[in-house]
Amino acid sequence: LFRSAAPGLQSFLDPLWIPEGAFVCAVDIARSWQADALCTLDLIATDSHEQQAQSALLAPGLGPMGTLDADLAELAAGTHPGRTDDRQRAMFIFRGLGLADLALASAIYHEARERGLGTYLPV
């Protein structure tokens, strides 16, 4: 059983088009990406290994426990190095785990504070 696409959705993005050093955040569970070429990427991460293992496979042999390079907790904790070379092509396959939302919200908040952006609301 592979990932289910919305009715009529055809995968049209080829991972081979991703240039060296690029990062892709596949917020659609990578449904738009040609599954057979996902394995050509240098680094594939997802929200949670456990969540992915209980979900439909992303591609043949890609998706069961241990077949993705890292999950968000490993990257955030530094137990997985992430990219080890600036030329690596990386993809984050977003399954929708709340931890990813919190990580992104934190990054946006800190960036806005550094730039002096945003509006503070009274507490």
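Let's start with strands E2 and E4. E2 covers residues 43-46, and E4 covers residues 90-93. They run parallel, joined by four bridges. Keep in mind that this is a predicted model. Leu43 sits opposite Ala90 of E4. Thr46 faces Ile93, again in E4.

Now the other neighbour of E4. E1 and E4 are also parallel, and they too are paired over four bridges. Look for Cys25 here: its bridge partner in E4 is Phe92.

Next, the whole sheet. It is open, it has four strands, and the order is E1-E4-E2-E3. The pairing is parallel. Strand E1, residues 23-26, is one edge, and strand E3, residues 70-71, is the other. Each of these edge strands pairs on one side only.

What covers E4? Both of its faces are covered. Ala90 and Phe92 point to one side, and Met91 and Ile93 to the other. All four of these residues are buried.

Stay with Phe92 for a moment. Its relative accessible area is 9%. Buried here means under 20%, so Phe92 qualifies. Phe94 has 18%, and is therefore buried by that cut-off as well.

How many aromatic pairs does a search of the whole structure find? One. It is Phe92 with Phe94. Their ring centres are 6.3 Å apart, and the planes meet at 45 degrees. Why is this pair called tilted? Planes under 30 degrees apart would count as stacked, and over 60 as edge-to-face, so 45 degrees leaves tilted.

Let's zoom out to the chain. The protein has three helices and four strands. Reading from the N terminus, the elements go β-β-α-β-α-β-α. Among contacts between residues at least 6 apart in sequence, 66% join residues at least 24 apart.

Some overall numbers. The C-alpha atoms fill a box of roughly 50 × 35 × 25 Å along the principal axes. Of the 123 residues, 33% are buried. The accessible surface is about 7800 Å², and carbon and sulfur atoms account for 59% of that.

Last, charges. There are 8 positive and 15 negative ones. How far apart are their mean positions? The separation is 5 Å.

To recap: E4 pairs with E1 and with E2. Its Phe92 is buried, bridges to Cys25, and forms the tilted ring pair with Phe94.

Technical notes
Residues numbered from 1 in each chain as written. Predicted model: local features only at pLDDT ≥ 70, side-chain atom pairs only at ≥ 80, totals over all residues. Heavy atoms only, no water. Pairing = 2+ DSSP bridges. Helix = DSSP H or I, 4+ residues; strand = E, 2+ residues; numbered from the N terminus. Phe/Tyr/Trp six-rings, centres within 6.5 Å; stacked < 30°, edge-to-face > 60°. Buried < 20%, exposed > 50% of the residue type's maximum accessible area, 1.4 Å probe, protein only. Contact = heavy atoms within 4.5 Å. Areas by Shrake-Rupley, 256 points an atom, 1.4 Å probe, with all protein chains shown as cover. Lys, Arg positive; Asp, Glu negative; His and termini not counted. Charge placed at Lys NZ, Arg CZ, Asp CG, Glu CD.
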